[in-house]
Amino acid sequence: MNIFENILSSATIFKNRDVLRHSYTPEKLPHREEQINQLALLLSPILRGGTPSNIFIYGKTGTGKTATVLFVGRQLEEASRKARLNVVVHYINCEIVDTAYRVLASLARKFGSNVPMTGWPTDQVYDEVKRVLERRGARVLVILDEIDKLVKKAEEALYGLTRINSELEKSSICLIGISNNLKFKEYLDARVLSSLSEEEIVFPPYNAEQLEDILQQRAKLAFEDGVLEEGVIQLCAAIAAQEHGDARKALDLLRVSAEIAERERDSMVRVEHVKKAVRKIETDYMIETVRTLPVHSKILLYSMSLISESTPKFTTGEVYCVYKKLCSKVGVDPLTQRRISDLISELDMLGVLNSVVISKGRYGRTREMKLEADRKVLRKALEEDYRLQNLRKFEGELKKFANLNLFQF
């Protein structure tokens with residue numbers, strides 16, 4: 001028997017798994033009516049032959065920003081077709097398309113131009129964008145998702161796009177910038193800021209009741225009838241509400257819970273599956289985060305994992321002493337203690353560890369920290385880096401060294 005036949009012959013609890021993914025845009029967006037109406041009002045001049053103001057949208061992750069903008073964009077294109085207007089909506093994810101050249105090339109290719117994704121001077125691509133827009137006479141709505149990623153590398157692309165309308169006669173461009181970074185505007189050049197932030201919409205986090213409504217809506221589309229145990233949706237909503245009202249977290253929890261139930265060949269998604277899903281998601285996030293860290297951050301975490309075998313809490317001084325020893329073992333020059341303090345702050349923000357600054361009275365202040373990640377899982381993820389694999393040879397020596405240093409501070 002083919003290995004997949006046994007799997008495919010078993011009953012599935014999913015009707016449409018993709019409904020629970022972030023990329024899915026539903027027909028209705030619960031609890032975002034105010035933002036939808038506000039956005040539609042701001043974009044309405046485009047249907048009357050005018051050019052809307054550029055719009056900046058921000059709010060925390062999972063507050064429905066991208067889904068709302070794509071929903072309104074889809075409605076805008078439908079309305080323009082009925083009115084026989086040439087309105088085009090173009091979505092760009094700036095985490096992927098992250099340079100001035102790529103943004104402009106993406107826009108030109110949307111209108112059929114054969115601009116290569118590399119190779120031309122940026123000015124030439126900019127001129128090509130103007131040429132194809134004028135030829136088509138289109139009113140274009142450009143959605144720049146995660147716009148803060150673009151600013152770091154290609155602020156000139158933003159400035160060019162905010163000023164391009166002064167060089168166009170038969171067409172126009174309206175920009176919508178979306179960001180999770182509430183402080184993003186502080187880093188914008190004043191010229192770009194004045195052009196981009198003509199209108200602003202803030203998306204507040206969802207509360208537990210709102211998340212429950214969102215999950216109920218998606219669950220009807222995603223699952224067969226009667227497969228969710230009482231309390232599953234409520235628990236997913238409550239956990240996500242604690243995580244800053246993140247709808248993505250709620251959807252991930254529900255989907256992973258169902259996948260765990262399916263793998264266990266259970267006919268229902270139960271509360272116990274949600275608890276397992278929480279642990280799996282947190283572990284997966286931690287492993288993926290650790291894999292992408294620079295080598296010094298990995299050595300730092302390895303130091304903490306050694307110390308945490310003897311004590312759950314430790315200070316910057318203790319960690320730095322062990323970190324320097326590990327650097328000598330892998331042939332890496334250690335960073336200064338000031339730079340290590342910065343790396344610890346970054347790891348704290350990522351949620352891999354938890355740190356607080358405590359007062360030592362006349363001895364000043366120090367940072368006390370503890371690992372939030374499972375030590376064994378963390379060590380396994382760190383040792384995937386070939387540079388850290390040799391540390392296993394010195395594990396006994398390093399543990400003894402770590403223990404000795406706990407008494408020196």
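This is a predicted model: local features need pLDDT of at least 70, side-chain atom pairs count only at pLDDT 80 or more; totals for chains, interfaces and linings use all residues.
**α13 against α14**

Then I looked up the geometry. Helix α13 covers residues 316–330, and its axis comes within 11 Å of the α14 axis, crossing at roughly 110 degrees. Angles of 65 to 115 degrees count as roughly perpendicular, so I wrote α13 and α14 down as roughly perpendicular to each other. For handedness, I have the crossing of α13 and α14 as right-handed.

**α12 against α14**

Next I checked how α14 packs with α12. I have α12 as residues 295–307 and α14 as residues 337–350, packed at an angle of about 80 degrees with axes 10 Å apart. That angle makes α12 roughly perpendicular to α14.

Who touches whom? From α12 I listed His 296, Ser 297, Leu 300, Leu 301 and Met 304; from α14, Ile 340, Leu 343, Ile 344 and Leu 347. My class tally for α12 with α14 is 7 nonpolar, 2 polar and no charged residues.

**α9 against α10**

I moved on to α9 (residues 232–242) and α10 (residues 247–263). Their axes lie 8 Å apart, and the packing angle is about 140 degrees. The crossing of α9 and α10 came out right-handed.

For α9 I wrote down Val 232, Cys 236, Ile 239 and Ala 240; the α10 partners are Lys 249, Ala 250, Leu 253 and Leu 254. By class, I get 7 nonpolar residues, no polar ones and 1 charged in the contact of α9 with α10.

**Rings and charges**

Last, I went through the aromatic side chains. The count of aromatic pairs is 3.

I also looked for charges over rings and noted two cases. Which ring does Arg 32 lie over? Arg 32 is over the face of Tyr 206, at 4.1 Å from the ring centre. The other entry is Arg 379, whose charged end sits over the ring of Tyr 302, 5.0 Å from its centre.

Note on methods
Residues are numbered from 1 along each chain as its sequence is written. Side-chain values use heavy atoms; hydrogens and water are left out. Axes are lines fitted to C-alpha atoms, for helices over the stretch in contact, and angles run from 0 to 180 degrees between N-to-C directions. Helices (H or I, at least four residues) and strands (E, at least two) are DSSP runs, numbered from the N terminus. A crossing is left-handed if the near helix is turned anticlockwise from the far one by less than a right angle, and right-handed if clockwise. Contact means heavy atoms within 4.5 Å. Ala, Val, Leu, Ile, Met, Phe, Trp, Tyr, Cys and Pro count as nonpolar, Asp, Glu, Lys and Arg as charged, and the others, Gly among them, as polar. Angles under 35 degrees count as roughly parallel, over 145 as roughly antiparallel, 65 to 115 as roughly perpendicular and the rest as oblique. Rings of Phe, Tyr and Trp (its six-membered ring) pair if their centres lie within 6.5 Å; planes under 30 degrees apart count as stacked, over 60 as edge-to-face and the rest as tilted. A charge sits over a ring if NZ of Lys or CZ of Arg is within 6 Å of the ring centre and within 35 degrees of the ring normal.
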